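Hi,

Here is the structure I promised to pass on. My notes on it follow below.

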Amino acid sequence: MKRRGWLVWAGSLGCGAGLGAAVAQPAPREIELTARRFQYEPSEIALVAGEKVVVRIHSIDFVHGMNLPDLGRRLDLIPGRVTTLELQPMTPGVIDFVCDNFCGEGHERMHGRFVVTERAGAHP
Ligand SMILES: [Cu+2]
């Protein structure tokens, strides 16, 4: 009877096909971000602690900046180019970013943030 239970478990595992993929290093998730006067779209990006992501940033109208004071990093976002930002935040929290290249009347409003939440099952 025990053996039968084990077989059922093994069968459902086979259907999931997830074990191998979980062990292999997954490719970083790619996130598209657009900068324009005077906003980032999306302005709030949800991340999961420990997750590796590549943010692909497109500026469509101006050389905007992206300053991430919490990380001590900044980027110039040049129209016609894709600027990439690799992130792997390990702890939950908020990572703010602001435009630091003056881009006009609404420049002070141009900001966004990454919201990092705890990985599911981090605390069993
Ligand atoms: Cu600006």
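First, a term: I call two residues in contact if their C-beta atoms, placed from the backbone, lie within 7 Å. This is a predicted model, so local features need pLDDT of at least 70 and side-chain atom pairs count only at pLDDT 80 or more, while totals for chains, interfaces and linings use all residues. Numbering starts from 1 along each chain as its sequence is written.

With that cut-off, and leaving out residues up to four places away in sequence, C99 touches H64, G65, M66, H107 and M110. C99, M66 and M110 also belong to the largest nonpolar core, which has 11 residues, including L33, Y40, I57 and F97. (Such a core is a set of buried Ala, Val, Leu, Ile, Met, Phe, Trp, Tyr and Cys residues joined through C-beta atoms within 7 Å; buried means 20 or more other C-beta atoms within 10 Å of a residue's own.) Strand 1 and strand 4 (53–59) are the elements giving two or more residues to this core.

Now the sheet. Strands are DSSP E runs of at least two residues, numbered from the N terminus, and two of them pair if DSSP finds at least two bridges between them. Four strands form an open sheet in the order 2-1-4-7, with mixed pairing. Strand 2 (39–41) and strand 7 (82–87) each have a single partner strand, so one side of each lacks a neighbour in the sheet. Strand 1 (residues 29–36) runs antiparallel to strand 2, joined by 3 bridges; T34 has E41 as its bridge partner.

Two cis peptide bonds to check in your viewer: R37 to F38, with omega near -5 degrees, and E41 to P42, with omega about -5 degrees. F38 sits in the loop between strand 1 and strand 2, and P42 in the loop between strand 2 and strand 3 (44–48).

Cheers

Technical notes: Buried ≥ 20, exposed ≤ 12 C-beta atoms within 10 Å, placed from the backbone.
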